[in-house]
Amino acid sequence: MTRDIAVVAFAQTDVRRTTDELSEVEMLMPVLHSVLDRTGLKTADIGFTCSGSSDYLAGRAFSFTLALDGVGAWPPISESHVETDGAWALYEAWTKLLTGDADTALVYSYGKSSPGSLRDVLTRQLDPYYVAPLWPDSVALAALQAQALIDAGDTDESALAAIGTRSRRVATLNSHAQIRGPVPQGDYVVRPLRTGDCPPVGDGAAAVILAAGERARELCSRPAWIRGIDHRIEAHSLGVRDLTDSPSTRLAAERAGAFERPVDTAELHAPFSAQEVVLRKALRLDDSVRVNLSGGAIAANPMMAAGLIRVGEAAARVHRGESDRALAHATSGPCLQQNLVAVLEGEPR
Amino acid sequence: MSEVLKAPLVVEFPFTRSLGPVQSAFLTGLRERVVLGVRASDGRILVPPVEYDPTTADELRDLVEVAPTGTVTTWAWNHAPRRGQPLTTPFAWVLVRLDGSDTALLHALDAPGPDAVHTGLRVRIRWAGERTGAITDIACFEPHDGEPARLTGSTGEFADPVGGIVAAARLDYTYSPGRAQTAYINSLADRRTVGERCPSCRKVYVPPRGACPTCGLPTTEQVEVGPRGTVTTFCIVNIKAKNLDIEVPYVYAHIALDGADLALHARIGGIPYDQVRMGLRVEPVWTDGARYPDHYRPTGEPDADYDAYKELL
C-alpha cells in the first residue's frame, strides 16, 4: 500500500419505519449536504463518488441514477455504484484512491425498505434454481443459523435476548437509531428468533468522505486511517456452510490486519442477535473490546446503509478521540454470506 | 403539505433460466423421483449439486445418487407461512443431510408442531403430485421412522432432460412518489403543470424530482409553467404497443413548456404525423377524469426560433 487513506467525515439520517413523504433522493440529500459540510468540500471538489443501493427495496427501477440528482452530477462526475451495502462502495472508493486517480471520495448508500415487504424482497437475492423458488424469508434463514448455534451449545434463547436488550439499551445514546431503549422480547417470529432478536425494518441513508494523505489531515483534525480493509464470501449454498462459524469474516479480518494488535472498539453488522455470537467468535473479541456502542444493526438496520454506518460509527469514534484502533464489520446476504472488515486507527494524541 | 400519495405497485416477472448440466440432471432427477448429488474435489458428495466446486472452483460433473431419506441438521419453526412458501400450514424450515450426502438441502418439513421437530430428526422426501423438473418437485419433507431408503440405481442419465426453469417472481409494493412528485401530480389533477426552481442555478424542472441534478440542491420554489410549449425533438412510432389504443404511426415528442428548463415528453395529435417538426408550438389536450394531458396539439402559432429552444434539446 503506497497511500494512506482515511475516513474524514460521516453523516447519517435518523432511521425511521417509513418515509412516505420523501422520495429516495429527498431522503438522501440532507445526508450528502451534511457530510460535505463537515469537510467544507463541494461536489466539484470530490474526485470520485461511489454509492450502494438496491432497486428491489422500493421497487423503483434505476433509483440510483435518480439518487445521483442529490449529488449534483452535472457536468459529469467520476462515479460508480454497487448493488449492495455501501461498505462495499467504500471498498471500491478506497481502491480508487489507492490508484492515485483521486484524492477524495464521497461514498453514500441508502435503503427505503418501507414500500415493500422486506422479508420477501430479500428472497430474490438467493440461489434462483434451488432456493428462491421456496421463498425462504430473511428471518427464517437467520433462525436456521440461530438454531444451529443453540444446538452447538454456543448460545441459548436467554443469551440471545440479552444481546438485543444490551444493544437497544446503548442505542438510547444514538439519536439516529430506530429502536432506542427496552422493548419486549416478544413472540417468536420464526422460532427460535423472537421479535427482540430481529432488526427493525426501516428507511435511512448514510455517507462518508475518504481522503488520502495530507488531504485527509487538511479535512479532519483526527482522520480515521484505514489500516486495512478486506472482504470475503462464503460458499453460496447454505447447506455447505457451517452456520455456526464465519470463516470469511475471519479471513477478511486477518487480511485487514485486525489480529496484529488488539482493537479497543468494534462495530459489528449483526442484524440478528445470533449473528453477533458468530462474529465475536470469528473476530476473537473479548470483553475488553467495546462492541456496538451505537446499538448496532439490531437497533437500526437500514438496508444497504447499515454496513456503511458501522464503518462511519467506528470512524466517528476515532475522530472524536474515543477510540485509537477500531474494527468495523459489514455483512450482506443470508446468514452472514459476505463479510467486510476494516481496521481504522487514529494517530497518537 | 398535501397528503402523501400512495399507489399499489406490483413487480412481477417470470424469469426463464437455463440450467447447467449438473443442475439439469438434479432437477430432471427430482421429476423422476431420484435425488442426485455431485462429487466435489475433496470427495464429498454435495446435495443439492453445484456446477463448480465451492472451494477449488473446479468443474464438477461426477453425479452420485443419494437417498430420499435423511437427517435434519438445523430447523426453524415457521408458524405463519408466507406467499410462495412450500406449505400453507405451519411448518419447519429445515436443512436436511440426505443419506449418502455430506451437505444439506434447504426445504420445508411438514410436522404437527415445533415439539415434533429437533435436530437429528429422521425425515424423508414427500414428492409433489405433479413434477416438472424443479426444486418444488419436492413438496416437502416429512418425519421418517426408519432406515435409509434404497437407491434406484440411477446413473443420472434421463430421457427428455429439463433444460431450464421458469421461476415466477412477484413482489408487492405500496409506492409513494415523495414530496416533489406528489405536488406535481396533485397540480396536474387541477390541469396545471407545476415545476420547481433550483435556488442556485434558477432552472425550472418539469416534472420536478425534488433535487437539481446540476447543483445537488433541493428544489422548493414551485413555478407554474406552460400550458403551451415547443416541440424540441420527436420520433415517429410505427409499432403498436401492447394494451395501448393509439393508431400508428404517431409522434412522440420532447416538449419544452414555456417557462420550463427541462423538456417533458408526450404524444402529439391533431396534426398528420409527417407534418410535426422541431419548433412546432403545442398545447395540452385534457380529457375528462384524466390526471394528465391525453396528448398535445398544435396551437397554430408560428414556429419557435431554433435559438429559443436549442439549450433544451
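In this predicted model, chains A and B meet at a contact that takes 49 residues from chain A and 56 residues from chain B. On the side of chain A that touches chain B, the elements giving two or more residues are helix H1 (24-39), helix H5 (118-121), helix H6 (138-151) and strand E5 (188-190) of chain A. Of these, H6(A) gives the most, with 6 residues. Sorted by class, this side of chain A has 30 nonpolar, 10 polar and 9 charged residues.

Now turn to a strand of chain A. Strand E12 covers residues 338-345 of chain A. Is E12(A) mostly covered or mostly open? It is mostly covered: 8 of its 8 residues are buried. Both faces of E12(A) are covered. On one side, A:Gln338, A:Leu340, A:Ala342 and A:Leu344 are all buried. On the other, A:Asn339, A:Val341, A:Val343 and A:Glu345 are all buried.

Which strands pair with E12(A)? One is strand E8 of chain A, residues 224-233. E8(A) and E12(A) run antiparallel, joined by 8 bridges. A:Val343 in E12(A) is the bridge partner of A:Gly228. That valine is also among the buried residues of E12(A).

Another is strand E11 of chain A, residues 325-332. Here too, 8 bridges join the strand to E12(A), and the two run antiparallel. A:Arg325 has A:Glu345 of E12(A) as its bridge partner. A:Glu345 is itself buried.

What do E11(A) and E12(A) form? They form a hairpin, with 5 residues between them. In the turn, A:Gly333 has a positive phi of about 90 degrees.

Notes: Residues are numbered from 1 along each chain as its sequence is written. Chains are lettered from A and ligands numbered from 1 in the order in which they are written. This is a predicted model: local features need pLDDT of at least 70, side-chain atom pairs count only at pLDDT 80 or more; totals for chains, interfaces and linings use all residues. Two residues are in contact if their C-beta atoms, placed from the backbone, lie within 7 Å. Helices (H or I, at least four residues) and strands (E, at least two) are DSSP runs, numbered from the N terminus. Ala, Val, Leu, Ile, Met, Phe, Trp, Tyr, Cys and Pro count as nonpolar, Asp, Glu, Lys and Arg as charged, and the others, Gly among them, as polar. A residue is buried if 20 or more other C-beta atoms lie within 10 Å of its own, exposed if 12 or fewer, and partly exposed in between; C-beta atoms are placed from the backbone. Two strands pair if DSSP finds at least two bridges between them.
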